Amino acid sequence: MCGIVGYIGTQQAAPLLTLGLSKLEYRGYDSAGIAVADAAGEASMRRAVGKLRNLQHSLDSAPLAGRAGIGHTRWATHGAPSEINSHPHRDATGTVFVVHNGIIENYAEIRVELEAQGVEFRSQTDTEVLPNLIKRAYDECQNLPRAIRSALQGVRGAYALAVMHSAVPDTVVAVRQTSPLVIGLGEGENFCASDALAILSETRRIIFLDNGEMAFLRAEGVEVFDLESGARRQKEVQQLDWSADSANKGDFPHFMLKEVHEQPAVMERLLHHYADEEKGCIAFPHIGLSREELRGVRRIFIQACGTSWHAGLVGKLLIERLGLISVDVDTSSEFRYRNVAPHTGGAILDSDTLVIAISQSGETADTLAGVQEAKERGLKVISVVNMPASSIVRASDGVIYTHAGPEVSVASTKAYIGQIGALYLLSLYLGEIHGLIDRARMKRRLEKFAEVPRLMREILADDSGIQRAAQRFWLAEHAFFIGRGYGQPSALEGALKLKEISYIHAEGYAAGELKHGPIALIDEKMPVVAIATQGVTYEKILSNMQEVRARGGKLIAVAGEDDEEVGKYADFVLRVPELTESFTPFVVALPMQLLAYHIAVLRDYDVDMPRNLAKSVTVE
Ligand code: G6P
């Protein structure tokens with residue numbers, strides 16, 4: 001939840017640091033602070049409890065001058081949200097300043113050891129040991145890289161740091177040990193941040209630090225070193241194609257609504273990056289497996305968590321239909337304990353089995369563990385990921401980026417569309433490689449894909465029907481979502497969206513399963529959202545709806561715009577364009593997302609930051 005920003009260059013640091021911190025506000029925090037140093041190493045610090053504007057007011061009335069600095073938004077873990085516990089923290093002599101994300105597990109014993117040496121602590125935080133350790137190490141060796149490496153040797157935990165030392169005023173140091181940290185390259189200035197979003201308005205040339213790396217930022221350049229060996233590392237500079245608007249809500253009241261509206265553009269970007277509609281062909285530049293290798297694939301395991309798992313369930317149906325390869329889908333937390341292939345210590349034995357990992361963040365611990373497990377079992381892994389250069393990407397053999405741009409709202413929307421869009425194109429690609437899809441069929445499919453964004457925009461242009469349904473059901477305590485075929489994962493995802501942001505207990509079911517238990521819960525207080533778009537199981541879902549209706553349940557149907565039949569059974573009909581079945585998940589997602597959104601707004605909940613949830617879950 002905490003955020004880090006660092007700057008060194010020719011401009012005043014303080015305004016850039018507070019601007020960067022403002023882009024990280026969406027993560028939640030309870031205090032903020034910055035430290036700024038001038039060329040002579042004269043450093044000063046300002047911190048304030050509460051919103052960033054409190055810090056800003058204080059800086060407006062008494063500005064801090066200097067062209068290097070570090071800033072932080074803190075979400076209290078060790079010690080209450082107070083000014084004294086806010087970051088930056090400095091050593092007892094005021095020489096070393098540190099901002100820190102993550103946790104120092106053994107801080108208590110380090111603190112005892114430092115106290116025994118006479119160091120006085122001001123705060124209750126785990127962080128404060130760090131500037132003191134670095135100060136002590138620097139005093140011994142008078143060399144900042146060596147001092148930081150030696151100070152961190154005995155430190156356990158997952159963390160990211162930005163550090164300044166008054167004796168080395170031309171340098172800001174950034175350290176990554178599990179918690180994410182990126183470097184932004186400018187002209188005569190450089191940045192670091194816990195999230196590229198923070199610095200996107202200043203630069204899009206980004207270096208993603210790996211675990212166990214530290215970067216020395218100076219105005220004129222950046223050097224990256226291995227924390228353990230001290231060896232210099234060559235790093236790839238990535239040019240992010242994200243818009244600087246990604247970190248702003250624009251005219252929308254919430255990031256979630258903004259991101260829902262960005263979904264047609266995500267589909268267009270996927271086509272632009274991977275497909276040539278005119279020629280009827282698809283290419284994935286970073287897929288990491290040759291056509292020959294993919295031709296040999298007979299079995300696929302998809303593994304992912306949360307919304308990404310739902311995208312995987314859609315992917316299974318697509319790949320089995322268009323690519324004719326059988327697919328298993330697991331949540332990553334289960335997949336990694338399955339015995340899907342013998343352990344080979346990484347030697348490739350099973351070349352006809354492919355693992356696909358799906359993740360927006362590319363950092364989800366369970367999914368990453370699933371990738372590592374698959375590699376240990378000698379299986380090839382392709383990841384479908386949104387965040388460039390993330391841990392899952394690096395652990396996989398190849399990647400298909402979902403090009404959704406940064407997703408800020410915790411409830412995933414556009415990343416999901418990016419995932420199912422990428423999986424759609426992958427299934428066509430596999431179908432073509434396996435000789436099932438010829439040029440003409442490919443061309444037709446891609447042309448249809450290209451039409452979907454316009455149809456999505458039509459739904460988004462008028463959501464008054466969805467708002468009416470929300471007004472009718474916003475006080476419900478429970479809800480069911482049912483679907484068949486492609487409608488089944490869409491139902492699971494619809495239920496997840498509702499429970500995540502409105503805190504209504506919602507369950508998604510394969511509609512055929514309703515009568516095997518859940519139907520016992522149907523009464524007049526139970527709204528049921530039925531995905532009843534046209535397809536092979538359409539008649540069956542109508543029967544399931546009648547089963548609900550016969551027991552007094554209230555029905556909201558998501559149905560094609562030409563469907564007159566469905567209105568006989570449903571209390572509300574949310575219309576979507578009539579499409580070939582395999583395209584329905586794209587349009588069905590929108591009313592599901594918007595229904596959850598409007599209900600959460602009516603219930604006056606924090607849509608973008610629902611309680612107890614995190615955007616990126618890096619614990620197993
Ligand atoms: C968290 C998020 C979900 C997300 C899931 C998987 O639970 O709140 O929105 O679907 O993690 O995240 P990933 O980044 O791997 O897609």
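Biologist: Which residue in E12 stands opposite Val175?

Modeller: In this predicted model, Val175 faces Met214 of E12.

Biologist: Over how many bridges do strands E8 and E12 pair, and in which sense, parallel or antiparallel?

Modeller: Strand E8, residues 172-177, and strand E12, residues 213-218, pair over five bridges in the antiparallel sense.

Biologist: What is the strand order of the open sheet?

Modeller: The order is E5-E6-E7-E8-E12-E13-E14, seven strands with antiparallel pairing. Strand E5 (89-90) and strand E14 (232-233) are the edge strands, each pairing on one side only.

Biologist: What is Leu294 in contact with, leaving aside neighbours within four places in sequence?

Modeller: With those neighbours left aside, Leu294 contacts Ile287, Leu289, Leu354, Ile382, Tyr429, Leu430, Ile433 and His434.

Biologist: Now Thr402: where is its place, and is it buried or exposed?

Modeller: Thr402 is in the loop between strand E22 (398-401) and helix H13 (414-433). Thr402 is buried, since its relative accessible area is 1%, and the cut-off for buried is under 20%.

Biologist: Which side chain does the side chain of Thr402 join in a polar contact?

Modeller: That of Asn386, in a polar contact of 3.1 Å. Leaving aside neighbours within four places in sequence, the residues in contact with Thr402 include Val266, Leu270, Val384, Val385 and Asn386. Gly418, Gln419 and Ala422 are also among its contacts on that basis.

Biologist: One last topic, helix H17. How many residues has it, and what does it reach from its first C-alpha to its last?

Modeller: Helix H17, residues 538-550, has 13 residues and reaches 19 Å, close to the 18 Å expected at 1.5 Å a residue.

Biologist: Which of the residues in H17 are buried, and what do they pack against?

Modeller: Tyr538, Ile541, Leu542, Asn544, Met545, Glu547 and Val548 are buried. The buried residues of H17 pack against strands E23 (478-483), E25 (527-531) and E26 (554-560).

Biologist: And what is the phi of Gly552, which follows H17?

Modeller: The phi of Gly552 is positive, near 85°.

Technical notes: Residues are numbered from 1 along each chain as its sequence is written. This is a predicted model: local features need pLDDT of at least 70, side-chain atom pairs count only at pLDDT 80 or more; totals for chains, interfaces and linings use all residues. Side-chain values use heavy atoms; hydrogens and water are left out. Helices (H or I, at least four residues) and strands (E, at least two) are DSSP runs, numbered from the N terminus. The expected span of a helix is 1.5 Å times one less than its number of residues. Buried means under 20% relative accessible area, exposed over 50%, partly exposed in between (1.4 Å probe, protein chains only). Contact means heavy atoms within 4.5 Å. A polar contact is a pair of N or O atoms within 3.5 Å; within protein, one must be able to donate a hydrogen and the other to accept it, and residues adjacent in sequence count only if both atoms are side-chain atoms. Two strands pair if DSSP finds at least two bridges between them.
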